[in-house]
Amino acid sequence: MADTTDGNRRERKVRLVFTTAAGEPMQRSPQARTWRKMVTGANKILADRGEEQIPAGTTPHTLRRTYASLLIKHGESVKVVQKRLGHSSAAITLDTHSHLWPDSASTTRLAVEQGLSGILGKPGQGTSQGTGQPESTGTDGR
């Protein structure tokens, strides 16, 4: 199949989610019409049940992004999300979705503080102020 996503045309092997009956890639317009029919039918069922309907403008791509967001929200690693979305590398996954992973600044700061506290000690508790070196006892000539 021709791939022009980066502006350069190249042939590449793909596994398609939606195909025609002959296994060929679906064009956007037939797929869009089929999708709209499916959403209309689903919304009718949901309305009859008194349930929330699928929002206008929801597309298969919206579902894909929602799927990725839910995986990330529930703690899946970048490698798991990469595999589930079919990205060829974790870099592609991160380029697209890195803003969804939680900021770990406070977690990493705490880990470093806890790790270093055993080495450096606390001020006034066996280290020279701010140097991280043991205080001189005066008994060994230091």
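This is a predicted model: local features need pLDDT of at least 70, side-chain atom pairs count only at pLDDT 80 or more; totals for chains, interfaces and linings use all residues.
Biologist: Which residue forms a salt bridge with R9?
Modeller: In general, side chains of opposite charge can pair when their charged atoms come close. The rule asks for a Lys or Arg side-chain nitrogen within 4 Å of a carboxyl oxygen of Asp or Glu. For R9, the closest N and O atoms of the pair are 3.4 Å apart, and the partner is E11.

Biologist: How many salt bridges does the count come to?
Modeller: The pair of R9 and E11 forms a salt bridge. With the 4 Å cut-off applied, the count comes to 1.

Biologist: Let's move to T93. Does T93 count as buried or exposed?
Modeller: T93 sits in helix α4, which covers residues 90–97. Buried means under 20% relative accessible area. Because its relative accessibility is 0%, T93 counts as buried.

Biologist: Which side chain makes a polar contact with the side chain of T93?
Modeller: Leaving out residues up to four places away in sequence, T93 touches V78, V81, Q82, H87, S98 and W101. The polar contact between side chains is at 2.6 Å, and the partner of T93 is H87.

Biologist: And what percentage of the chain's residues count as buried?
Modeller: The chain has 5 helices and 2 strands, running β-β-α-α-α-α-α from the N terminus. Of its 142 residues, the share that counts as buried is 12%.

Key: Residues are numbered from 1 along each chain as its sequence is written. Side-chain values use heavy atoms; hydrogens and water are left out. Helices (H or I, at least four residues) and strands (E, at least two) are DSSP runs, numbered from the N terminus. Buried means under 20% relative accessible area, exposed over 50%, partly exposed in between (1.4 Å probe, protein chains only). A polar contact is a pair of N or O atoms within 3.5 Å; within protein, one must be able to donate a hydrogen and the other to accept it, and residues adjacent in sequence count only if both atoms are side-chain atoms. Contact means heavy atoms within 4.5 Å.
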